[in-house]
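Subject: Structure handover

Hello,

Here is the structure we spoke about. Please look it over, then read the notes below.

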Amino acid sequence: MRIILLGPPGAGKGTQAKTLTTKLNLPHISTGNILRQNVSSATDLGKQAKGYMDKGVLVPDNLVTQMLLERLKAPDTTRGFILDGYPRNLNQARKLDCALEQKGMAVDLVFYLDTSEPIIIQRLTGRLVCKTCGTNFHIKNMPPKIDRVCDNCGGKLTQRSDDKEKTIKARLEVYKKAVLPLIRHYEAKGKLQRIISDKPQDTVLNKILQCVEKYNDSLKV
Ligand code: AP5
């Protein structure tokens, strides 16, 4: 199954993907995570992407698309994937459609995690991420058992460099400009499922899983 998680920064795409990857046995592919790994390893891609990411704007489509299509060639994607952070605009969506079509495939479900702005700011300004395993925590909503230590692997929890209020606002503006055409694109294909993501993590997860189940049932008929 090929799933896309769409939504503003802080909607919970990464958080939900982390659980869904285990529940559905599909790889979690986050373009943000791949870019951050490239930045920290100072690869050519990372050096090119860093300036854009620090400003909270999109890395050019050609760079991100090439990186994503390379990742989609890996054998772990044959059963499907959970895409988080791609596509970000209509051009990227079309590129993805085209790449999948060439393999006789298509996106199955697109979850639009709809979240209000005050919640986004609260979530992102309090987010902590494990440097080792990438698990997300939140100072208030999901605090680790030990201060700044990952419950999963004992790694160090840090704040993302783009989680400063000014950069969050820039990321939100970029998102708002691009999201409507994307929503229309997937609505027209009958793929879009809107999920209210202001709710607790488990509520959001259960809604997503219900839709997945319904979709799978519809394929059996
Ligand atoms: P990216 O890493 O994709 O960031 P983003 O889209 O801004 O999304 P976030 O990772 O900030 O939020 P999320 O929805 O995953 O929320 P999370 O689950 O962490 O992109 C970063 C940058 O890379 C971009 O700005 C751009 O420069 C570049 N980039 C990436 N992809 C690109 C592309 N395709 N094209 C061009 N450029 C690209 O949750 C947030 C917090 O809330 C956490 O602390 C979590 O614990 C908490 N939380 C989550 N869910 C809940 C809940 N239900 N209740 C309470 N708290 C919750």
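**Around the ligand**

Of the 35 residues around the ligand, the nearest are Thr 15, Val 57, Arg 127, Phe 137 and Arg 171. A residue is near if one of its heavy atoms lies within 4 Å of the molecule.

This is a predicted model: local features need pLDDT of at least 70, side-chain atom pairs count only at pLDDT 80 or more, and totals for chains, interfaces and linings use all residues. Residues are numbered from 1 along each chain as its sequence is written, and side-chain values use heavy atoms, with hydrogens and water left out.

By class, the shell has 14 nonpolar, 12 polar and 9 charged residues. Nonpolar covers Ala, Val, Leu, Ile, Met, Phe, Trp, Tyr, Cys and Pro; charged covers Asp, Glu, Lys and Arg; the others, Gly among them, are polar. Helix 2 gives the most to the shell, with 4 residues. Helices are DSSP runs (H or I, at least four residues), and so are strands (E, at least two), numbered from the N terminus.

A polar backbone atom of Phe 137 is 2.7 Å from a ligand oxygen. For Ala 11, a polar backbone atom is 3.2 Å from an oxygen of the ligand. A polar side-chain atom of Gln 92 lies 2.9 Å from a ligand nitrogen.

**Asn 89**

Asn 89 is in the loop between strand 3 (81-84) and helix 5 (90-102). Asn 89 counts as buried because its relative accessibility is 14%; buried means under 20% relative accessible area (1.4 Å probe, protein chains only).

Best wishes

Conventions: Polar contact = N/O pair within 3.5 Å; in protein donor to acceptor, adjacent residues only side chain to side chain. Buried < 20%, exposed > 50% of the residue type's maximum accessible area, 1.4 Å probe, protein only.
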